[in-house]
Amino acid sequence: MDISAKVDYAVRALLGIAEATVGGREPVSVETLVQQQQLPRKFLEAILADLRRSGLVTSQRGPRGGYRLAKDASQVTVGDVFRAVDGPLAEVRGLRPQDTAYTGVAEHLPTVWVAVRASLRRVLDETSIEQLRSGRLPAHVTRLAAAPDAWENR
């Protein structure tokens with residue numbers, strides 16, 4: 001699975017917004033996010049537009065303007081962010097996994113593709129921006145990351 005720069009930047013931007021707006025502080029400017037996370041400004045602006053269109057952030061114009069989360073950080077999942085900027089979590093040649101069909105020796109492959117999507121959902125849809133911000137990740141996520149070979153390339 002390839003996690004695009006767009007998804008990486010979007011999650012990092014939302015983490016910055018969540019951190020800065022804890023307790024109802026001022027909206028976070030694009031410039032602040034660019035500096036804090038070393039993100040390319042134009043790319044970030046396009047990502048924030050995607051996040052705004054999908055209802056994950058709101059924007060405020062003016063000298064004290066910027067971005068806020070549209071919902072509490074505990075209500076926004078990494079999966080929400082992924083879908084907002086990159087579309088579905090798993091596709092096979094442009095099809096949803098359950099819409100694939102094969103004959104012969106490959107007939108059981110759709111089951112594997114659906115299982116891959118289910119495993120992605122289990123991590124991405126069950127990890128909120130707040131859990132990620134605070135470091136209090138779900139137990140099943142920390143267990144997966146703690147597996148002996150989890151950090152090794154294959």
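Predicted model: local features only at pLDDT ≥ 70, side-chain atom pairs only at ≥ 80, totals over all residues.
**Ground rules.** I number residues from 1 along each chain as written, and my side-chain values use heavy atoms, without hydrogens or water. Local features need pLDDT of at least 70 and side-chain atom pairs 80 or more, while totals for chains, interfaces and linings use all residues.

I looked up the largest pocket; its volume is about 740 Å³. A pocket here is an open set of points on a 1 Å grid over the protein atoms alone, where a 1.4 Å probe fits, with protein on both sides within 12 Å along at least five of seven lines. Of its 21 lining residues, Ile3, Val123, Leu124, Val141 and Ala145 are closest to the centre. Lining means an atom within 4 Å of a point. I find 15 nonpolar, four polar and two charged residues there. Helix 1 (5–20), helix 4 (78–86), helix 5 (109–124) and helix 7 (139–146) each give at least two lining residues. Helices are DSSP runs (H or I, at least four residues).

**Thr127.** I found Thr127 in the loop between helix 5 and helix 6 (129–134). Leaving out residues up to four places away in sequence, Thr127 touches Val76, Thr77, Val78, Leu137, Pro138 and Val141. Contact means heavy atoms within 4.5 Å.

Strand 1 (residues 57–60) and strand 2 (residues 66–69) run antiparallel, joined by four bridges. Strands are E runs of at least two residues. Gln60 stands opposite Gly66. Five residues separate the strands, and Gly62 in the turn has a positive phi of about 110 degrees.

Notes:
Points joined across faces, edges and corners; volume = space filled by probe spheres on them. Nonpolar A, V, L, I, M, F, W, Y, C, P; charged D, E, K, R; others polar. Pairing = 2+ DSSP bridges.
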